[in-house]
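Dear colleague,

Please find the structure below. My notes on it follow.

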Amino acid sequence: MTSMTAARLATSTGLFEIQNVAIPEPTASEVRLRVAYAGICLTDIHFIRGELAAGMPDAVTLGHEVVGTVDRVGDAVTDWQIGDRALVHPVEESRTSTRVLGVHYDGGWAQYVVAPDQSLVAIGPEISMKTAAIIPDAVSTPWAAITETAQVQPTQSVAVWGIGGLGFHAIKLLRIIGAAPIIAIDPVEAARDRAVAAGADFALDPRHEDFAAEIHRLTDGAGLDVALDFFGSPAIHQQAFDALGRKGRLVLVGVSDTTFSVVSAPNLVRNAKKVLGHYGSERRHVEEIVKLARLGRLDLSESISAVYDLADVHRAVENFIAKVDNPIRILLKA
Ligand SMILES: [Zn+2]
């Protein structure tokens, strides 16, 4: 067999379709995985809709949440053997550039994927392939935002805007870190209920007319220590910034093409607030999540809402966009 199916996006025309392409061969330092599952992320939807291009090539196979079994290794690869189960850490960073799987090079919405050997992370026998698939972004990105960018400390108050794939896991991870209270903010009642079941102490509708007073009350008048935005709209930025207390940090995680503006310089300066951008995660964050999941400290069993065959990618994407059954993560099965 020399060809495989892959869900590819032509960035110049916007055409997104299943194609028959050659099975990629790994170079000396690369490893090829037989893909088991790949996650669908909101970022993929932005790409398909032409809302984000982010330096993509003319045509690329999408998919940056990928797990599979090692199927072939390059001549110089010594750490991996055929049959090993691994996920791919999707972000390679150097001082001058960032290269992302499924964005800048072919990703995992395909039967096979090739990645640098340094990008692979072993998942061990305790974690299911389905669960492992979503670790590289839906879990590791909020983990990195919480532990590194926001530097959340135990008993600090944290609110999470947007209880989708990343925000839902943020609630669970904040619980592990010991944030308190944890406040989930989402306009959808089912999402708020899900957040409370996952460990949020309180849940609020962002359209609540007394929203600011509610935050004031839930934080004993202090305002938030940390606001995590997984939503990415100007109205949310404003609301989250205003909800911060003294030395509060607003972290923008959701990728969008909106303009960010904070209106009040005195509010920023006098209250020593910080506004921080966050993107993806480092390899060690992925390894930390794998460790927590292997030890049973992080339950991801409810995180997979549906699984579709790769051939059914269009239906999977439509249902993800339409939020059919309010999904946390939808997987493609290669
Ligand atoms: Zn993503």
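Between domain 1 and domain 2 there is one salt bridge in this predicted model. Glutamate 302 forms a salt bridge with lysine 172, and their closest N and O atoms are 2.8 Å apart.

The domain assignment of the protein chain puts 3-134 + 300-333 in domain 1 and 138-277 in domain 2. Taken over C-alpha atoms, the domain centres are 29 Å apart. On the domain 1 side, 12 residues are in contact with 13 residues of domain 2.

The size of an interface is often given as the accessible area lost when the parts come together. Domain 1 and domain 2 bury about 1100 Å² between them, and carbon and sulfur atoms account for 55% of that.

On the strands: an open sheet is formed by three of them, in the order E2-E1-E4, with antiparallel pairing. Strand E2 (16-22) and strand E4 (59-61) are at the edges and have a single partner strand each, so one side of each has no neighbour in the sheet. From one strand to the next, the twist averages 50 degrees.

Strand E1, residues 3-10, pairs with E4 over three bridges in the antiparallel sense. Which residue in E4 is the bridge partner of arginine 8? That partner is threonine 61.

Regards

Methods: Residues are numbered from 1 along each chain as its sequence is written. This is a predicted model: local features need pLDDT of at least 70, side-chain atom pairs count only at pLDDT 80 or more; totals for chains, interfaces and linings use all residues. Side-chain values use heavy atoms; hydrogens and water are left out. Two strands pair if DSSP finds at least two bridges between them. Helices (H or I, at least four residues) and strands (E, at least two) are DSSP runs, numbered from the N terminus. Axes are lines fitted to C-alpha atoms, for helices over the stretch in contact, and angles run from 0 to 180 degrees between N-to-C directions. Domain bounds come from an automatic or database domain assignment. Contact means heavy atoms within 4.5 Å. Buried area is the accessible area (1.4 Å probe) that two parts lose on being put together, summed over both. A salt bridge is a side-chain nitrogen of Lys or Arg within 4 Å of a carboxyl oxygen of Asp or Glu.
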